[in-house]
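Hello,

Here is the structure I promised to pass on. Please have it open beside you as you read, and my notes follow below.

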Amino acid sequence: MAFKDFIFKKSLWLFHFGGASCNNCDIEILDCLTPRYDVERFGMQLVGSIRHADVLLVNGSINKKDKVRLLEIYHQAPKPILVVAIGACGCTGGIFAEGNTFAGPVDKIIPVDVYIPGCPPKPEAIIGGIVNLINKQPA
Amino acid sequence: MMGKPEDIIKDLKGIFSIDILDDSIKSETRASIQIAEKALPEISKYFHEDLHFRFIIASALESKRGFEIYYHFSDDQTGCVINLHVILPTENPEIESLTALFEAANWMEREMHELLGINFLNHPNLEKLISEGNWAEGVYPYRKNYE
Amino acid sequence: MSKPTIIPIGPYHPLQEEPELFKLYCDGEIVRDIKWETGYNHRGIEKLSESKTFDQVFFLVERVCGICSTSHPFAFANCMEEIAGVEVPDRAKYIRTIIGEMERIHSHLLWVGLAGHFLGYNTVFMWSWKYREPVLDLFEMITGNRNSYAMFKIGGVRRDIPDNMIPVMQKELDALKLKLNLLTGAVMDDPVIHARTKGVGILTREDIIDFAAVGPTARASGVAIDVRKDDPYAAYPLVNWKVITSEAGDVFAKTEVRLLEMYESVSIIEQCLEKLKKEKEGGIDVRVKNVPEGIGTGRAEAPRGEVFHFVITDGGYTPVRHKIRAPSYVNIATFKKSCVGQSISDATISLAAVDPCYCCTERMAMAYDYHTRIAMMGTADLLRMSREKTDNIRSSL
């Protein structure tokens, strides 16, 4: 087993970037960490700095002001990093795609590995996305 | 007891006779009063300090008549909402700031300045509130000619 | 005096509409000034709304804020019904009220949890979020979704609450009351929470009036404003309940107001369910064919305070101007009063006290200020300091 495969096997550390969202996805992500769903039992936890993270969670539509910050975050991230786009806005821009400050869905800005659609995705869907994520190793 | 919009408008006409241009009463608790722009600070002061109305927010838009601003005031005893309506000219719209009266107007005026380009006189800090760096100086996205 | 240290909070802690960056200018431990930057979450909703039909606007305003995803449609519905001159059937009023109050319960539970988290009480956080889940299950049962319910339309609601759901809801509410007792006891009787929140982040009556603050923030400072009482809408005048106020204006008072409000909400829902059993006439909506020209103001009491919508119509299918004012817009400005002069470790809880939709605990922490390139402390440091203070108090008690 290669070293990279080994480090992405268990205990993924997550960094959460909330773009111009409506908070629903943010809450559902947090909800996954609380007792009912409790993904922390797999060693997954939110960390305060992107420099400690294995996974970058991005939700919400990205506006022009966020775009600069998202790129900055992505450049600060230790590579390889897995990027997850959460929610309709993260995947496509959703209802805000026609807005005058919209700067393109997440995959137009940084490469995305896993998409979790839904408005907001249920915690079950997020856990399903996590399973996909564990099965998908970064190149 | 103040409370009914018709009483408020009657009193207002007594004090600021020439500055009240138009009024319309929609219901027991809703009314709009069009006022002269130069009288806005005095009338707002009257609402805020004498009648103890709470400033909710101001809504601005661009229309055929120029730039219109609705200042919404609420009486929390009776549930009455009064909209003070001013119309500013399309060329060089400017009006006195209300921030000196109540802090609540501070952010709203910055936002209107940024999105519609309305100038607020004597405002402490008219920096951009929302879009810093997003659109250029002199570009106002909520104006009709945007894009 | 030496150069002040700048401590950023944010930019990513989504407030009602706008996550924003707070910069605390500190001299040693004491916060001397606070500056804010917004716009990270600006989506141009007011502009977007002008391109959507009235029915579509409901789905848009629902996504102004995910936690208040009933309050915005509620205020918009009030607004449009004022323009169209429509009276909603009683059954629809009760259903609206039930949804609105359930949202208040889940939002307040969310806040109590996060407040605990900021103080270093992760037990409170986990508990209250666990107790929040049954409320979301009820939402899923009634509306089909855990958040963003799509229940409202002009003239009524989209879905009925059938009779077989009512006993399920009553059972869950009874269970919830016991859990609320437990949570209230845990929070209100804890000496450490008293020490951390009493006298912290005080807002006086005058501050509230100056900043025109609303909701629990105002009510905790003794200003009894509540749109549900002052300008009654939906079924609120048809049931018995009272406005909860407190006098102190500090973080503890705000916590107290929110905890006690949840009991009122449970009581309102129970009364509405009883009424729903009897009120069968009139259906759940009335047909509205077109919306005339006019202006309308609609208000609703969200968990965080008054939501205000202002719509101008011209007789067409879309709004000409749609202004939305979320409660945090005015409440956030009060930070200037509540934080200045406090120590840094109290700043997080003072900022959290107005419940600015602190729904994500993780924010982007850059190593330097984006514009001035001055070294700044990260959010993690701030949380650590807050928790250390709690530990110190705990060990000294």
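How many helices and how many strands are there in chain A? There are six helices and five strands, where helices are DSSP runs of H or I of at least four residues, strands are DSSP runs of E of at least two, and both are numbered from the N terminus.

Before going further, some housekeeping. This is a predicted model, in which local features need pLDDT of at least 70 and side-chain atom pairs count only at pLDDT 80 or more, while totals for chains, interfaces and linings use all residues. Residues are numbered from 1 along each chain as its sequence is written, and chains are lettered from A and ligands numbered from 1 in the order in which they are written.

**Chain A**

Reading from the N terminus, the elements of chain A go α-β-α-β-β-α-β-α-α-β-α. The radius of gyration of chain A is 14 Å, close to the 14 Å that the globule rule gives for 139 residues, so chain A is as compact as a globular protein of that length. (The radius is taken over C-alpha atoms, and the rule is 2.2 Å times the number of residues to the power 0.38.) The C-alpha trace of chain A spans about 45 × 35 × 25 Å along its principal axes.

Of the 139 residues in chain A, 49% are buried. A residue is called buried if 20 or more other C-beta atoms lie within 10 Å of its own, exposed if 12 or fewer do, and partly exposed in between, with C-beta atoms placed from the backbone. Among the contacts in chain A with a separation of 6 or more, 82% are between residues 24 or more positions apart; a contact here means that the C-beta atoms, placed from the backbone, lie within 7 Å.

Two cis peptide bonds in chain A deserve a look. One joins A:Lys79 and A:Pro80, with omega about 0°, and A:Pro80 sits in the loop between α3 (64–76) and β4 (82–86). Another runs from A:Cys119 to A:Pro120, with omega near -15°; A:Pro120 belongs to the loop between β5 (114–116) and α6 (123–135).

**Chain B**

Chain B has three helices and seven strands, in the order α-β-β-α-β-β-β-β-α-β from the N terminus. Its radius of gyration is 16 Å, close to the 15 Å that the globule rule gives for 147 residues, so chain B is as compact as a globular protein of that length. Along the principal axes, the C-alpha atoms of chain B fill a box of roughly 50 × 30 × 25 Å. Buried residues account for 40% of the 147 residues in chain B. Of the contacts in chain B between residues at least 6 apart in sequence, 47% join residues at least 24 apart.

B:Asn92 has a positive phi, near 50°, although this residue is not a glycine. You will find B:Asn92 in the loop between β5 (80–88) and β6 (94–96) of chain B, and it counts as exposed because it has 9 C-beta neighbours inside 10 Å. B:Glu127, in the segment after β7 (119–121) of chain B, is also exposed, with 11 other C-beta atoms within 10 Å.

**Where chain B meets chain C**

The contact takes 25 residues from chain B and 22 residues from chain C. On the chain B side, β2 (30–35), β3 (54–63), β4 (66–75) and α3 (105–116) each supply at least two residues. β3(B) gives the most, with six residues. By class, the chain B side has 13 nonpolar, seven polar and five charged residues. Here Ala, Val, Leu, Ile, Met, Phe, Trp, Tyr, Cys and Pro count as nonpolar, Asp, Glu, Lys and Arg as charged, and the others, Gly among them, as polar.

**Chain C**

The axes of helix α5 (residues 122–143) and helix α6 (residues 165–188) of chain C come within 11 Å and cross at roughly 165°. Axes are lines fitted to C-alpha atoms, for helices over the stretch in contact, and angles run from 0 to 180 degrees between N-to-C directions. That makes α5(C) roughly antiparallel to α6(C), a term for angles over 145 degrees. Residues in the contact include C:Trp127 and C:Tyr131 of α5(C) and C:Glu172 and C:Lys179 of α6(C). They divide into 15 nonpolar, one polar and two charged.

Best wishes

How values were computed
Contact = placed C-beta atoms within 7 Å. Parallel < 35°, antiparallel > 145°, perpendicular 65-115°, else oblique.
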